[in-house]
Amino acid sequence: MISSAKRTAYEKGSVHSWHPYYAGYSEFFVDSVLKIESGRLTQNSIILDPWVGSGTTGVVCQKNGLNCVGIDVNSSMAIFSASKSSKILPKLKSESTSILNRIFARAKKSRKVYDTSHLDEIMSSSFTLKMTRLLVAIEDELHTETLRVEPFISFFKSVLLVSNRQLMGYKSGSNPTWFKKTPPTQCLPFATIEKVYRQNFDSMLYDLEEIFSLNTGSFSVYESSSVSTPVADNSVDLVITSPPYLTRIDYAVSTQVELLLLGGAKKYRSIRENTIGTTTIFSQRKCGDRSWGKLCNEVISAINSHSSYSSQDYYIKNKIQYFDGSYQSLLELYRVMKVEANAYLVIQNSYYKEIPIPLPEIYMQMAKAIGFSEAVCERRDILKSTMAHINVKSKRYEKNKIYYEDVIRLKK
Ligand SMILES: C[S@@+](CC[C@H](N)C(=O)[O-])C[C@H]1O[C@@H](n2cnc3c(N)ncnc32)[C@H](O)[C@@H]1O
């Protein structure tokens, strides 16, 4: 039987606590799907997660000796998930002391000046300069040309991102997906940065050692969009994933400081543009597409004729952007999956004001239209609280809204 996708208390600590992120699903859920599918899987099978987020699918596949490919458009999440690789443990344990000494020597010696004005509102310029020099020192010391997100350097960058949040005094707000700005007054000597970095390095290495035994599979992560992946046609044996929510959750905004530090303002904007579920409007399109199915087009018509302010202006474009991204991603899944392979997707329903948006059913209709031979709901959990409840205004439209989370299975 498929387990609930809801995370347990245990899954809030260890490697799950590294990143500023909450939308991960449960390891037990992934494990239960692997058990159900075990008869079809071999050591050479490829399991794909096209919205890999914090990397839960990859962690569980590795623990089961299976190979996983993860995709995420968000470079900071790609770095965090890539660093959860069992294969880097031996080198981390044997070489990290000397590598760290060289990285800090480089960073402290550097006199290079960088334009970090894009971080001015969040971090003090002297602090940003030190963190940027540290990032450049990591890149210079460990740089390798690979298409995939290289796991060894990713671990060093993950430690930098964790340390950065800690040192800048970041406090989370009521909505974890919005980045809460802290006054940019940090004035820290390099010695403090180094101390915190080294402490985090040791504790994150401990977390990694704790979750992996020796017999593990591989985990390859790509920074790419789910609508166009570097995965070969008909090569994937199983998909386990959860698509972005449709509840005004903006994954790029939640990692704003990380993305700005890693890639600057231009990269941040481009990631936002390609993030499914972004709250920014990048397309003026207002009508649906017949191939998205009856339910999806009914929701679009209902929003288009809603009387409230901004329905036809902002919200319709926002939902169309989302549905377009979902449909394109399902097409891509169809391309990369082997015939008869299954895809398991965890999806929550949502509402636009009083209009229900039965998202799991919409995905199933889209999948059927694309050519998947089966689209069924394997599990439903009624949710007591969801991210949708953060928007208290939405409650005024309908008192008895029911939120649920489905596991749907699509068979090619
Ligand atoms: C619901 S989360 C996945 C959570 C994941 N199952 C876990 O355990 O952490 C959705 C992820 O989709 C990513 N995402 C959004 N748009 C994307 C796109 N176009 N291509 C790839 N990933 C995307 C977000 O960055 C986010 O990490």
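Predicted model: local features only at pLDDT ≥ 70, side-chain atom pairs only at ≥ 80, totals over all residues.
Residues are numbered from 1 along each chain as its sequence is written. Local features need pLDDT of at least 70 and side-chain atom pairs count only at pLDDT 80 or more, while totals for chains, interfaces and linings use all residues; side-chain values use heavy atoms, with hydrogens and water left out.

Helices (H or I, at least four residues) and strands (E, at least two) are DSSP runs, numbered from the N terminus. Helix 5 (residues 125-142) packs with helix 7 (residues 190-211) at an angle of about 50°, the axes lying 11 Å apart. Axes are lines fitted to C-alpha atoms, for helices over the stretch in contact, and angles run from 0 to 180 degrees between N-to-C directions. On the helix 5 side, the contact (heavy atoms within 4.5 Å) is made by F127, K130, M131, L134 and I138, and helix 7 contributes F190, I193 and Y197.

Helix 6 (residues 151-168) holds F152. With 5% relative accessibility, F152 counts as buried, a term for under 20% relative accessible area, with exposed over 50% and partly exposed in between (1.4 Å probe, protein chains only). Beyond its neighbours within four places in sequence, F152 touches I88, K91, L92, I99 and L142.

Turning to the sheet, its 7 strands form an open arrangement with the order 3-2-1-4-5-9-8 and mixed pairing, where two strands pair if DSSP finds at least two bridges between them. At its edges are strand 3 (219-223) and strand 8 (374-383), each pairing on one side only. Strand 8 is antiparallel to strand 9 (residues 403-411) over 9 bridges, and R380 stands opposite D406 in strand 9.
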